[in-house]
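Here are a few exercises to work through with the model open on your screen. Try each task before you read its solution.

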Amino acid sequence: MHQADRSVLAASQCAIRIDGLTKRFGKSVAVDDLSLVVPPGQTFGLLGPNGAGKSTTIRMMVGLTQPDEGTIEILGEAATERTVAVKRRIGYVPEKHHIYPWMRVSEVLGFVSSLYPQWDDDLSDELLEVFELPRHKRVRHLSKGMVAKLGLLVALAPQPDVLLLDEPTSGLDPLIRDEFLEGILATQAQAKGRAVLFSSHHIDDVARIADVVGIMDGGRLILTEEVTHIHDRVKLMQAVIEDGTLPRSTPEEAIWTQVDRRQWSLTLYPFSQELAEQIAAENPVTRYEILDISLENLFKQVIRGRRQVAREKRS
Ligand SMILES: Nc1ncnc2c1ncn2[C@@H]1O[C@H](COP(=O)(O)OP(=O)(O)OP(=O)(O)O)[C@@H](O)[C@H]1O
């Protein structure tokens, strides 16, 4: 990295900074007022169901789609004024690979390496071996997993400072997925203070390698939290309510709630003991307990909670 680049990065302290990003397709809002920051060395897992807006967000970050509103800054430079020097420091692995199918693996590497002055031949050779990619095979004869690995190699060999991966594990079998996540992403992608943003709808992937998780649905980033803090910041409150009564008020921190006879369950974010006490005091609650929640349940509840609110608004 050049000295001047470092000072820009130090001033912004963020490899990726997105503010108020919005993208509409006709009347539908694909990305809705999304803001996030990823400092160097951090891996951000963008988790969301189909159609949440993950690919559109990443496509805007690499300049393949233009935002309607908001700003994107990568390595201290606005996306609207991106220079070739910064473009070369951004690695991108798309959801659907567009590597020329008629090229041999060696030809792909020759072609892409000519575009990047900082292409690392040793790393390329090492990854070729680790991934067991056959140099002489044509891309159209490679399996889906092999193409995914080639896509990652091509993104990693130029040693990017920012790596953007759109559903990098989709279509991979469980063994290759394990190898990909732990053997490759964890060692290669997260090395050297690189900022990594990857999208997935696999909770496991995110829990395994991300430092921070952002849960996205309907274009909105609903929750952003460090993976190690999630257990403290999100809790399930299970309250027993008086016979024949209903909860009187649900706080806005309740990202999901359900009443089943006398049991009232609420997932609270951000959680605090005072909040639980306040809920108990303002409602006909006879007793309650606070439970931990798994990332998988949290993900499902965030999505279900939003569907529930949407249904209630419609009825
Ligand atoms: N070019 C486009 N024209 C019209 N609508 C689009 C276009 N691209 C995306 N969308 C819509 O925007 C929304 C967000 O799509 P996007 O592909 O970003 O979601 P995603 O979270 O990546 O989903 P998946 O996990 O299925 O890939 C969807 O409703 C999708 O139909």
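**Exercise 1. Find the domains of the protein chain and describe how they meet.**

Step 1. The domain assignment divides the protein chain into domain 1 (16-227) and domain 2 (230-313); such bounds come from an automatic or database domain assignment. A word on the source: this is a predicted model, in which local features need pLDDT of at least 70 and side-chain atom pairs count only at pLDDT 80 or more, while totals for chains, interfaces and linings use all residues. Residues are numbered from 1 along each chain as its sequence is written, and side-chain values use heavy atoms, with hydrogens and water left out.

Step 2. The C-alpha centres of domain 1 and domain 2 are 35 Å apart.

Step 3. In contact (heavy atoms within 4.5 Å) are 17 residues of domain 1 and 13 residues of domain 2.

Step 4. Between them, domain 1 and domain 2 bury about 1300 Å², 73% of it on carbon and sulfur atoms. Buried area is the accessible area (1.4 Å probe) that two parts lose on being put together, summed over both.

**Exercise 2. Look for the salt bridge across this interface.**

Step 1. The criterion is a side-chain nitrogen of Lys or Arg within 4 Å of a carboxyl oxygen of Asp or Glu.

Step 2. By this rule, the interface of domain 1 and domain 2 has 1 salt bridge.

Step 3. R233 forms a salt bridge with E225, with 3.0 Å between the closest N and O atoms.

Step 4. On the side of domain 1 that touches domain 2, the elements giving two or more residues are α8 (203-209), β9 (212-217) and β10 (220-226). Helices (H or I, at least four residues) and strands (E, at least two) are DSSP runs, numbered from the N terminus. With 6 residues, β10 gives the most to that side.

**Exercise 3. Which residues come nearest to the ligand?**

Step 1. A residue is near if one of its heavy atoms lies within 4 Å of the molecule.

Step 2. There are 13 residues around the ligand, and N50, G51, K54, S55 and T56 come nearest.

**Exercise 4. Inspect two backbone features.**

Step 1. As background, most residues other than glycine have a negative phi, and most peptide bonds are trans.

Step 2. Y269 and P270 are joined by a cis peptide bond, with omega about -5°. P270 sits in the loop between β13 (263-268) and α10 (273-282).

Step 3. L75 is not a glycine, yet has a positive phi of about 50°. Look for L75 in the loop between β4 (69-74) and β5 (77-78).
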